[in-house]
Amino acid sequence: MTIMEAIKSRHTVRKYTNRHIPQEIVSLLIERIKQNNEKYNIDMNLVTENTDAFNTFIKLVLAKGVNNYIVLAGTILDDLDEKLGYCGTDVMLYAQTLGLNTWWVGGTFSKKGVKKNIALTENKKITGIIAVGYGATQGVSHKSKKIEDISYYKGITPDWFINGVKAVLLAPTALNKQAFKIIGEGNRVSITCNNGIFSNTDIGIGKYHFEIGAGKDNFVWN
Ligand SMILES: Cc1cc2nc3c(=O)[nH]c(=O)nc-3n(C[C@H](O)[C@H](O)[C@H](O)COP(=O)(O)O)c2cc1C
């Protein structure tokens with residue numbers, strides 16, 4: 001499965017089976033996380049066989065069988081949320097190519113529970129987690145805005161721009177807000193988002209999806 005195919009088949013899955021992730025798949029995930037951490041100077045972590053990510057109430061009503069999760073963490077800097085959005089997306093979609101399902105969680109997880117399982121110094125923060133495992137289902141497509149709701153291209157719109165926006169519309173966003181504005185002119189593209197505390201995370205996720213859909217060689221970010 002390619003990353004583009006992963007974009008198309010990925011949906012949030014909140015219920016997981018008790019099937020363990022085989023060691024070779026765990027190793028691949030750890031390697032991908034390591035590559036991102038080194039390249040972007042962040043501190044993502046994979047926690048396996050552990051149920052501390054949610055409190056009892058959330059486990060009762062929403063999160064079933066979450067035993068593995070990626071912790072999105074890094075040094076507190078202005079661009080941290082966007083970087084973790086971008087890199088978390090890389091690992092999330094990679095997990096999908098490995099036959100796994102995922103769920104990005106920015107709010108309803110237990111920070112206290114997660115902190116018990118990773119070493120985090122004071123200058124670092126956790127922006128969210130991505131639950132990962134074998135889903136009880138593959139999830140369903142989210143309700144989506146239209147291309148023209150979130151984008152505008154000055155002039156005759158090239159195919160790469162449309163394909164980029166289409167990929168963004170398949171991305172997970174906090175509360176499924178899809179609060180993007182993507183503007184293109186020539187080979188320059190800008191993306192903004194108005195989704196409260198999750199705006200920069202959503203921008204990182206959106207940028208990753210746009211690059212895959214449009215093709216990185218076709219444009220530059222403004
Ligand atoms: C930054 C971010 C934060 C999120 N936080 C939560 C959350 O706290 N609880 C939850 O159930 N889902 C959360 N989600 C999942 C979204 O609700 C989900 O991605 C959205 O509804 C779109 O559905 P899809 O992932 O199937 O495309 C979050 C997603 C993102 C990207």
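Angles under 35 degrees count as roughly parallel, over 145 as roughly antiparallel, 65 to 115 as roughly perpendicular and the rest as oblique. This is a predicted model, in which local features need pLDDT of at least 70, side-chain atom pairs count only at pLDDT 80 or more, and totals for chains, interfaces and linings use all residues. Residues are numbered from 1 along each chain as its sequence is written.

**Exercise 1.** Determine how H4 and H8 are oriented to each other, and which residues make their contact.

Step 1. Helices (H or I, at least four residues) and strands (E, at least two) are DSSP runs, numbered from the N terminus. Axes are lines fitted to C-alpha atoms, for helices over the stretch in contact, and angles run from 0 to 180 degrees between N-to-C directions.

Step 2. The axes of helix H4 (residues 80–97) and helix H8 (residues 199–214) lie 6 Å apart, and the packing angle is about 45 degrees. The two helices, H4 and H8, are therefore oblique to each other.

Step 3. H4 passes H8 in a right-handed crossing (left-handed if the near helix is turned anticlockwise from the far one by less than a right angle, right-handed if clockwise).

Step 4. Residues are in contact if their C-beta atoms, placed from the backbone, lie within 7 Å. On H4 the contact includes Asp 81, Leu 84, Tyr 86 and Asp 90, and on H8 it includes Asn 200, Ile 203, Lys 207 and His 209. The residues of this contact of H4 with H8 divide into five nonpolar, six polar and six charged (Ala, Val, Leu, Ile, Met, Phe, Trp, Tyr, Cys and Pro count as nonpolar, Asp, Glu, Lys and Arg as charged, and the others, Gly among them, as polar).

**Exercise 2.** Classify the packing of H2 with H4 and of H7 with H8.

Step 1. Helix H2 (residues 23–40) and H4 have axes that come within 10 Å and cross at roughly 160 degrees. That angle makes H2 roughly antiparallel to H4.

Step 2. H2 contributes Leu 29, Arg 32, Ile 33, Asn 36 and Tyr 40 to the contact, while H4 contributes Lys 83, Cys 87, Asp 90, Val 91, Tyr 94 and Ala 95. By class, the contact of H2 with H4 has seven nonpolar, one polar and three charged residues.

Step 3. For helix H7 (residues 159–169) and H8, the axes come within 7 Å and cross at roughly 140 degrees. That makes H7 oblique to H8.

Step 4. The crossing of H7 and H8 is right-handed. Among the residues that meet are Trp 160, Phe 161 and Val 168 in H7, with Phe 210, Ile 212 and Ala 214 in H8. This contact of H7 with H8 has seven nonpolar, five polar and one charged residues.

**Exercise 3.** Describe the contact between domain 1 and domain 2.

Step 1. The protein is divided into domain 1 (3–133) and domain 2 (147–221), with bounds that come from an automatic or database domain assignment. Their centres, taken over C-alpha atoms, are separated by 23 Å.

Step 2. The contact takes 17 residues from domain 1 and 15 residues from domain 2. On the side of domain 1 that touches domain 2, helix H1 (3–9), H4 and strand S4 (124–133) give two or more residues. H4 gives the most to that side, with eight residues.

**Exercise 4.** Which elements and domains supply the shell around the ligand?

Step 1. The ligand is surrounded by 19 residues, and the closest are Thr 12, Gly 106, Gly 107, Pro 172 and Asn 176 (a residue is near a molecule or strand if its C-beta atom, placed from the backbone, lies within 6 Å of it).

Step 2. Strand S3 (101–105) and H8 each supply at least two residues of the shell, and H8 gives the most, with three residues.

Step 3. Domain 1 (3–133) and domain 2 (147–221) each provide at least three residues of the shell. By class, the shell has seven nonpolar, 11 polar and one charged residues.

Definitions and conventions. Contact = placed C-beta atoms within 7 Å.
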